[in-house]
Amino acid sequence: MEIKKFPDGEKYVRINCDVVGKHAIIVQSGALKPDEYLIETLLIADALNDLGSKHVSLVFAYFPYARQDERFKPGEAISLVTVTKLLKGVGIKTLITVDAHRHRVINFERIFGGKVIDVSAMPYLSSFARSQGLVGEDVIVIGPDVESEGWAKLAAEAINASDYGALTKRRISPSEVEVTISKPLNLKGRDVLLVDDIISTGGTMIEAIKLLRKMDVRSITVACTHGLFVNNALMKILKMNIKAIVSSDTVPNPTTKVSVAPAIAKAIKELNC
Ligand code: R5P
């Protein structure tokens, strides 16, 4: 494809190959420049359909606007739903995502109107942590908020960790959170693998690390699927004296150590288009 920007900031897209009758798969990231990548994706998908592709799929490695998956305050736009409708509107029939943040949207496939496969980076992240020495019965996988408990479970299963659990988070502002413990967790002397889908400002991880320290854990390894690391977040986390930090290649960054490509390739094969 040819992708350019006009001097006024608008995007130009040209599909420069024959797509007639073919299954076209767009591989895109929506991270860090969400508006720009979203418009680009819509232009590409619409053009592919218009030019005669038989089926258009989208691999959205980082699904932008997904965290606003509910109307938390009256009058708010639910951006996850809006973006999904736009993707559907340009004829994207299949969606492959990675640890997408849509806990509160019931019937996501119905809103999208097509098949959705969500693959996870958690097995890769936790296996990497294990290869770096995070092994033994003292290992526990923890999510920093209730929503991440499912990912903590997946990560724990992948490395046969004996235990997993989640802390509780209350968001005060886009960059401020309060992390507490609401369920009893046996953490003293444990090696913690702290996992989440996204690290953005790092506020969530930093507060979780502070809390875990108070609980006398032995070591903390941090893992996330999408390392956005805005506003110097990585430096702030590294200053917390953690054992290691790892993320996947959905948003390439200095902590990227694992690739989700094999999981995406497997999902594409399953589509059988
Ligand atoms: C939100 O619930 C996500 O799962 C992450 O916990 C969140 O995006 C992290 O954001 P931040 O790094 O800015 O605290």
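In helix α4, residues M122, P123, S126 and R130 meet W151, L154, A155 and A158 of helix α5, where contact means heavy atoms within 4.5 Å. The residues of this contact divide into 6 nonpolar, 1 polar and 1 charged; Ala, Val, Leu, Ile, Met, Phe, Trp, Tyr, Cys and Pro count as nonpolar, Asp, Glu, Lys and Arg as charged, and the others, Gly among them, as polar. The model is predicted: local features need pLDDT of at least 70, side-chain atom pairs count only at pLDDT 80 or more, and totals for chains, interfaces and linings use all residues. Residues are numbered from 1 along each chain as its sequence is written, and side-chain values use heavy atoms, with hydrogens and water left out.

Helix α4 spans residues 122-131, and its axis lies 8 Å from that of α5 at an angle of about 50 degrees. Axes are lines fitted to C-alpha atoms, for helices over the stretch in contact, and angles run from 0 to 180 degrees between N-to-C directions. The two helices, α4 and α5, are therefore oblique to each other; angles under 35 degrees count as roughly parallel, over 145 as roughly antiparallel, 65 to 115 as roughly perpendicular and the rest as oblique. Helices (H or I, at least four residues) and strands (E, at least two) are DSSP runs, numbered from the N terminus.

The domain assignment gives domain 1 (2-119) and domain 2 (122-257); such bounds come from an automatic or database domain assignment. The centres of domain 1 and domain 2, taken over C-alpha atoms, are separated by 28 Å. Across the boundary, 12 residues of domain 1 are in contact with 12 residues of domain 2.

Strand β7 (residues 139-143) pairs with β8 in the parallel sense over 4 bridges, and I142 has G165 in β8 as its bridge partner.

A second open sheet consists of 4 strands in the order β3-β4-β5-β6, and the pairing is parallel. Here the edge strands are β3 (23-28) and β6 (115-119), each of which pairs on one side only. Neighbouring strands are turned by 15 degrees against each other on average, direction ignored. Strands β3 and β4 (residues 55-60) pair in the parallel sense over 6 bridges, with F60 in β4 as the bridge partner of Q28. Helix α1 lies across β3 and β4 and runs at about 175 degrees to β3. Helix α8 (residues 261-271) also packs on the sheet, touching β3, β4, β5 (94-98) and β6; its direction makes about 155 degrees with that of β6.

Helix α1 has a helical partner as well. The axes of α1 (residues 34-50) and α2 (residues 79-89) come within 9 Å and cross at roughly 25 degrees, which makes α1 roughly parallel to α2. In this contact, L38, T41 and L42 of α1 meet V83, L86 and L87 of α2. By class, the contact has 5 nonpolar, 1 polar and no charged residues.

Conventions. Pairing = 2+ DSSP bridges.
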